[in-house]
Amino acid sequence: MIALLLRDLRLALRAGGGFGLGLAFFLIVTVMVPFGVGPDAALLSRIAPGVLWIGALLACLLSLDRILALDWEDGSLDLLATAPLPMEAVVSVKALAHWITTGLPLVLAAPALGVLLNLPPSGYLWLVLSLALGTPALSVIGTFGAALTVGIKRGGLLLSLLVLPLYVPTLIFGAEVARRGAEGLAVATPLAMLGGISFGAMALLPFASAVVLRINLR
Amino acid sequence: MSLWEYANPVRFIRTTDIVLPWISVLAVLCLVVGLIWGFFFTPDDYRQGSTVKIIYLHVPSALMAINAWLMMLVASVIWVVRRHHVSALAARAAAPVGAVMTVIALATGAIWGQPMWGTWWAWDPRLTSFLILFLFYLGYIALWEAIEDDDTAADLTAILCLVGSVFALLSRYAVNFWNQGLHQGASLSLDKEENVADVFWLPLLVCIGGFVLLFLALVFLRTQTEIRARRTRALLARERQG
């Protein structure tokens, strides 16, 4: 499992663009928002948590079809399926690799982009915490979507149609934690819900993804 | 003799062929009677005026939008557990009907909301969750269309339906939570079942019955079509080989 994880990480690092692309996209989305809504600092600081969450979500979405599509094309997914590793573990490792290459940099970069959007000082901790808690769910849900569409040529657009509705609860609670944190309100309830969704998805969805992959490899 | 015998396509077609004309006629009858009764022979509401009459379209379609998804969920579980092709096809047949019902519910809601709330759209939890439901329908239909192999498509959409149901439910409550802090007007969600007086209640019931029958008729018809289309394809394939 560790070998597989390292292999995926190395591929993402060296295949060019995979690692930094999500980050660059996150930066671009965040920079575009003030151009769209105007440079009013008060307005920006009010919408900053939500914008950062949506940016992170879109950046995640962008890299989803890299999780499985390349391995599907060159046949290494078939090899993984016949390896003595259960499919659930393969899928989990893939999701973990995706999170390390996409989610984690987003979490780390979010405070810097918060500065650009005039995020209130009290919001930084909660923004980072909510992203750290929520992005694994995005990766796991995204892996499920990638597994669904892996057999379809040019499934990228379909992938986003399938995955975005599934992202709704995570986005709502994640952005709510960041928003309430920024405004100095109580965050316990949405934080608990976000954690529940995230851990629930991590615990259960790999099984669904594995089933789906087995069907696709049949 | 058990219920599962109807999972045989031949038997399914034979049975529904008998039932279908009756259901269709009854559906049309219910809809015509219910809608005319509702639109022309009920008094205007003292506060909402004549706009109240949109409930004869709005409530039944909203009801069917949710129930169609539930039916797809049940059919998907049956397909996953017992692998009866008819049930997978019925789920597939129900999806576009459910999507259309969702659109009807959203559109009639907007038409009603404009004069009543002064806006076509509000990010009210119920409206929002219906929009999300519509997105789920779109994704489900798109996945069916995108996959060529029939059994693979049935398997994948069934699992999407299962996972999607969990997330749809989550979204429903997440949305509820999300809007309470902002502007949850109590009058927005107008609990019709409790508010509606007897004069409105009976025609509404007839309309709901009409929508249920209409849904059944459409699903039966679309499932039959799908079975026959598959049979044709199989025959053509055999001919090409032989």
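Helices (H or I, at least four residues) and strands (E, at least two) are DSSP runs, numbered from the N terminus. Keep that in mind as you open this predicted model and colour chain A by secondary structure: from the N terminus on, its elements run α-α-α-α-α-α-α-α-α. That comes to 9 helices and 0 strands.

Before you start selecting, note that residues are numbered from 1 along each chain as its sequence is written, while chains are lettered from A and ligands numbered from 1 in the order in which they are written. In this predicted model local features need pLDDT of at least 70, side-chain atom pairs count only at pLDDT 80 or more, and totals for chains, interfaces and linings use all residues; side-chain values use heavy atoms, with hydrogens and water left out.

**Stop 1: chain A as a whole**

Show chain A as a C-alpha trace and turn it around. Along its principal axes the trace spans about 55 × 35 × 30 Å. Now think about contacts, meaning heavy atoms within 4.5 Å. Among contacts in chain A between residues at least 6 apart in sequence, 80% join residues at least 24 apart.

**Stop 2**

Select H98(A), in helix α6 (residues 87–116) of chain A. At 5% relative accessibility, H98(A) counts as buried. Its side chain makes a polar contact with the side chain of S139(A), at 2.9 Å. (A polar contact is a pair of N or O atoms within 3.5 Å; within protein, one must be able to donate a hydrogen and the other to accept it, and residues adjacent in sequence count only if both atoms are side-chain atoms.) Not counting residues up to four places away in sequence, H98(A) touches C60(A), S63(A), L64(A), I67(A), G103(A) and S139(A).

Next, pick L27(A) in helix α2 (residues 18–37) of chain A. L27(A) is partly exposed, with a relative accessible area of 40%. Leaving aside neighbours within four places in sequence, L27(A) is in contact with L113(A) and L116(A).

**Stop 3**

Select R179(A) and E183(A), whose side chains meet in a salt bridge (3.3 Å, N to O). A salt bridge is a side-chain nitrogen of Lys or Arg within 4 Å of a carboxyl oxygen of Asp or Glu. Because the two residues are 4 residues apart in helix α8 of chain A, R179(A) and E183(A) are separated by about one helical turn. R179(A) is partly exposed at 23% relative accessibility, and E183(A) is partly exposed at 44%.

**Stop 4: where chain A meets chain B**

Show both chains. Here 25 residues of chain A are in contact with 26 residues of chain B. The two chains bury about 2,200 Å² between them, 85% of it on carbon and sulfur atoms (buried area is the accessible area, with a 1.4 Å probe, that two parts lose on being put together, summed over both). Select P165(A), L166(A) and I172(A): in chain A these lose the most area to chain B, together 21% of what that side buries.

Which elements of chain A give two or more residues to this side? They are α7 (123–149), α8 (156–183) and α9 (188–217) of chain A. Helix α8(A) gives the most, with 11 residues. The residues on this side divide into 20 nonpolar, 2 polar and 3 charged; Ala, Val, Leu, Ile, Met, Phe, Trp, Tyr, Cys and Pro count as nonpolar, Asp, Glu, Lys and Arg as charged, and the others, Gly among them, as polar. Across the interface the rule finds 0 salt bridges and 0 residue pairs in polar contact (both at pLDDT 80 or more).

**Stop 5: salt bridges in chain B**

Select R228(B) and D17(B), which form a salt bridge with the closest N and O atoms 3.5 Å apart. R228(B) lies in helix α7 (residues 198–241) of chain B and D17(B) in helix α1 of chain B, so the pair ties together parts that are 211 residues apart in sequence.

Then move to R230(B) and D150(B), whose side chains meet in a salt bridge (3.6 Å, N to O). R230(B) lies in helix α7 of chain B and D150(B) in helix α5 (residues 150–183) of chain B, so this pair ties together parts 80 residues apart in sequence. R230(B) counts as buried, at 18% relative accessibility.

Conventions. Buried means under 20% relative accessible area, exposed over 50%, partly exposed in between (1.4 Å probe, protein chains only).
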